[in-house]
Amino acid sequence: MLALSACGGAPTHAGSGTAAAGPVSCPLPDGPVAVAASATANSPAVEVSPAVVTVLTQAVHRGEYVALVDTDGSPALTQQGSMRSAAKNNAARTKDDAANLSRLEQFISTSRADTPESDPLGALDTAARTVHAQGTHGTVVLVDSGLQTTGALRYQSDGLLLASGRDVVGHLRSSRQLPDLRGVTVVLSGLGDTAAPQPRLDIASRSRLVDQWRAIATAAGATCVHVDSQPLTQPSPAGLPRVSPVRVPRPTTPKLHVDRPVALREDTVGFQDDSARLRDEATALADLKPLAQEIRDDGHQVLLVGTTATAGTEQ
């Protein structure tokens, strides 16, 4: 249980849907807060970023229920308690709030995995269920690399890091593995940040991973999704249970050969869902410019063949 300082009156609560101060783009509603975070192998040490501090500060100020969930291979509720202060004056309440915020940050930054592998989707589900047990609205914070290695998502599977957010959501929906995030504001922190021996994600892979988790939270009914841009860079603590490394696909620059097809991979020259916009224009141009140069210099004639999506309109 969270050990809280308590010195009668409850703190003043802001209205539901109050705009977030600082580095969170989503309104932070009244209601409980659940933070899913723990140090796991292959990921940086857990850090409480400014965005997470914003969520915790409002929870403490409003005297909300706060719960902590680990993100290892068997996500579980590890700490819970009320941030309500019994202080009778503002000075004492301010002191209580500072002590409670410090305790929360300490609990989060020192949380460690105790089982192998990583299951952030399961942690997201456990956190959301914890919030819903307290009320209809609240906030869930997930601090994790997003490279899940067990449960409904296994990023060790070839191709998952190349999938679109729509494809990942379709898989989870068809297998009934989407968590219930209705009424919940979701803050995602640390996505795509890794530590040895997990290979570092390139920009394109990290961008796709972020899009996948944003799509998962949105499809699960989240009221608002904020992706924290603060990178996590501290080394992973030693002695943690094993997490399987995830292979990072490396784009290859295609070479043009007369009378032979050239395949442009979807992870480099791919389009956003229902759009003619490239997912990553810089990456696509890095592949296309050498081909354009060779076509122009050698005078090749080119037949461009592609496929259409199964979703969306004919246009």
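View 1. Helices here are DSSP runs of H or I with at least four residues, strands are runs of E with at least two, and both are numbered from the N terminus. Angles run from 0 to 180 degrees between N-to-C directions, with axes fitted to C-alpha atoms, for helices over the stretch in contact. Contact means heavy atoms within 4.5 Å.

A note before you look further: this is a predicted model, where local features need pLDDT of at least 70 and side-chain atom pairs count only at pLDDT 80 or more, while totals for chains, interfaces and linings use all residues. Residues are numbered from 1 along each chain as its sequence is written, and side-chain values use heavy atoms, leaving out hydrogens and water.

**View 2. Six strands make an open sheet.** Follow the strands in the order β3-β2-β1-β4-β7-β8 and you will find that their pairing is mixed. Two strands pair if DSSP finds at least two bridges between them. At the edges sit β3 (77-82) and β8 (224-227), each pairing on one side only. From one strand to the next, the twist averages 15 degrees. Helix α1 (residues 50-62) packs on this sheet, where it touches β1, β2, β4 (138-143), β7 (184-189) and β8. The direction of α1 makes about 150 degrees with that of β4.

**View 3. Strands β1 and β2 run side by side in parallel.** Strands of a sheet pair through backbone hydrogen bonds, either parallel or antiparallel. Here 4 bridges join β1 (residues 33-37) to β2 (residues 65-69). Look for V35, which stands opposite L68 in β2.

**View 4. A disulfide joins C26 to C224.** A disulfide is a pair of cysteine sulfur atoms within 2.5 Å, and this structure holds 1 of them. The S to S distance between C26 and C224 is 2.0 Å. C26 lies in the segment before β1 and C224 in strand β8, so the bond ties together parts that are 198 residues apart in sequence. The torsion about the S-S bond is about -80 degrees, which means the disulfide is left-handed. Are these two cysteines buried or exposed? C26 is buried, at 0% relative accessible area, whereas C224 is partly exposed at 21%. Buried means under 20% relative accessible area, exposed over 50%, and partly exposed in between (1.4 Å probe, protein chains only).

View 5. Most residues other than glycine have a negative phi, and most peptide bonds are trans. E117, in the loop between α2 (90-110) and α3 (120-134), has a positive phi of about 70 degrees although it is not a glycine. With 17% relative accessibility, E117 counts as buried. R176, in the loop between α4 (165-174) and β7, has a positive phi near 60 degrees. R176 is exposed, at 77%. In the loop between β7 and α5 you will find P197, and the peptide bond from A196 to P197 is cis, with omega near 10 degrees.
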